[in-house]
Amino acid sequence: MNKVYTGKTKDVYALDNGNYQLKFKDDCTGTDGVFDPGANTVGLQIEGIGRENLKVSVYFFEILKKAGVKTHYVSADIDNATMEVLPAKVFGKGLEVICRYRAVGSFIRRYGAYMESGTPLNAYVETTLKDDDLGDPLITPDGLDAIGVMTLDQYAQMKAMTQKISGIVKDTLAEKGLDLYDIKFEFGYYNGEVILIDEIASGNMRVYKDGEIVEPTDLTKLILG
């Protein structure tokens, strides 16, 4: 296999059949050892979290498959913490799409003068460019169109998918007594269609139970238990 990309939480390898393999790592995004799914840097390592994130991803990808949502997921090898995926192309150099149900994290850091932390949000969607040097800057749909990363129609599809997928995840978690505050996705295109790529992992979402944030390893146990 040929490594084609080294990411914060996963490495990507090209397979002989034209697909890709994602190798999940034990790195988590955050700052100074504090977990933050919205951070653009690796802030800590949690032993075994890569394999646990893969388990959660497979769990949700299978739910999405039944719901008719198109993703890049093909299969997974839990023991080796790897997932085979379709060769979808990213938009530009990569985008991250966040769906927010509560005003926390970077949202409240930016807009805290206008609302209190924890204020409900109506599946608010925002998009950032994947650019570590610039701190993953926010970008508008018109901005994405202007720089040629994606069309306004593609953005509309991506936003609709983000809200649909987030709703499915939120409802699934609610059945387990968990409250989704926000979640981060990545999208690409395959055969001319916008599809979900990357992962749906405990490390990419902020979830609360009884008013307290649930750490990624504990969240995995609650989701899969």
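Residues are numbered from 1 along each chain as its sequence is written. Because the model is predicted, local features need pLDDT of at least 70 and side-chain atom pairs count only at pLDDT 80 or more, while totals for chains, interfaces and linings use all residues; side-chain values use heavy atoms, with hydrogens and water left out.

## Helix 1

Helices (H or I, at least four residues) and strands (E, at least two) are DSSP runs, numbered from the N terminus. Helix 1 covers residues 49-66, which is 18 residues. The expected span of a helix is 1.5 Å times one less than its number of residues. For helix 1 this should give 26 Å, and the end C-alpha atoms are 26 Å apart, so the two values agree.

Buried means under 20% relative accessible area, exposed over 50%, and partly exposed in between (1.4 Å probe, protein chains only). The buried residues of helix 1 include Ile49, Asn53, Val56, Phe60 and Leu64. An α-helix has 3.6 residues a turn, so residues three or four places apart point the same way. Just after helix 1, Gly68 takes a positive phi of about 80°.

## Salt bridges

A salt bridge is a side-chain nitrogen of Lys or Arg within 4 Å of a carboxyl oxygen of Asp or Glu. By this rule the model has 13 salt bridges.

| Lys10 | Asp198 | 2.9 Å |

The side chains of Lys10 and Asp198 meet in a salt bridge. Lys10 lies in strand 2 (residues 10-14) and Asp198 in the loop between strand 14 (193-197) and strand 15 (205-209), so this pair ties together parts that are 188 residues apart in sequence. Both Lys10 and Asp198 are buried.

Glu126 counts as buried because its relative accessibility is 4%, and Arg100 counts as buried at 3%. Arg100 and Glu126 also belong to a network of salt bridges with Arg110, Asp182 and Arg206.

Arg102 is partly exposed, with a relative accessible area of 25%, and Asp179 is partly exposed at 26%.
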